[in-house]
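Here is a brief report on one protein model. Read it with the sequence and structure in view.

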Amino acid sequence: MTPVVILAGGEGRRMGGRKPERLLAGRPLIAHAVDQARKWGDPVAVAFAQRGPMAEP
């Protein structure tokens, strides 16, 4: 399979910040993105701007 990179560097200001950690159906948004990306390729990497600690998806 082909490597996939998820670009998650946006600040999410319209959502109140920390967009990757916002919950959708009880799971962080980034977890949904990773699940979809795994259907398209392997490995999956997430690129984001580090502005503080982030929970593991």
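What covers the buried residues of α1? The cover includes β1 (4-7), β3 (27-28) and β4 (44-47). Cover is judged by contact, meaning heavy atoms within 4.5 Å. Buried means under 20% relative accessible area, exposed over 50%, and partly exposed lies in between (1.4 Å probe, protein chains only). Helices (H or I, at least four residues) and strands (E, at least two) are DSSP runs, numbered from the N terminus.

This is a predicted model, in which local features need pLDDT of at least 70, side-chain atom pairs count only at pLDDT 80 or more, and totals for chains, interfaces and linings use all residues. Residues are numbered from 1 along each chain as its sequence is written, and side-chain values use heavy atoms, with hydrogens and water left out.

**The chain**

The protein chain has one helix and four strands. From the N terminus on, the order is β-β-β-α-β. Contacts with a separation of 6 or more are 66% between residues 24 or more positions apart.

| Property of the protein chain | Value |
|---|---|
| Share of the 57 residues that count as buried | 19% |
| Accessible surface | about 4,400 Å² |
| Share of that surface on carbon and sulfur atoms | 56% |

Accessible areas come from the Shrake-Rupley method with a 1.4 Å probe; for residues, only the protein chains shown count as cover.

**The helix**

Helix α1 spans residues 29-40, twelve in number. From first C-alpha to last, α1 reaches 18 Å, close to the 16 Å expected at 1.5 Å a residue. That expected span is 1.5 Å times one less than the number of residues.

Ile-30, Ala-31, Val-34 and Ala-37 are the buried residues of α1. Why do they lie on the same side of α1? They cover an arc of only 125° around the axis. The arc is that of the directions from the helix axis to the C-beta atoms. An α-helix has 3.6 residues a turn, so residues three or four places apart point the same way.

On the other side of α1, Lys-39 and Trp-40 are exposed. Lys-39 has a relative accessible area of 56%. Lys-39 and Met-1 are 38 residues apart in sequence, yet 9.6 Å apart in space, C-alpha to C-alpha.

**The core**

The largest nonpolar core has six residues: Val-4, Ile-6, Ala-8, Ile-30, Val-34 and Ala-37. Such a core is a set of buried Ala, Val, Leu, Ile, Met, Phe, Trp, Tyr and Cys residues joined through side-chain atoms within 4.5 Å. β1 and α1 each supply at least two of its residues. The largest share, three residues, comes from α1.

Leaving out residues up to four places away in sequence, Ile-6 touches Ile-30, Ala-33, Val-34, Ala-37, Val-44, Ala-45, Val-46 and Ala-47.
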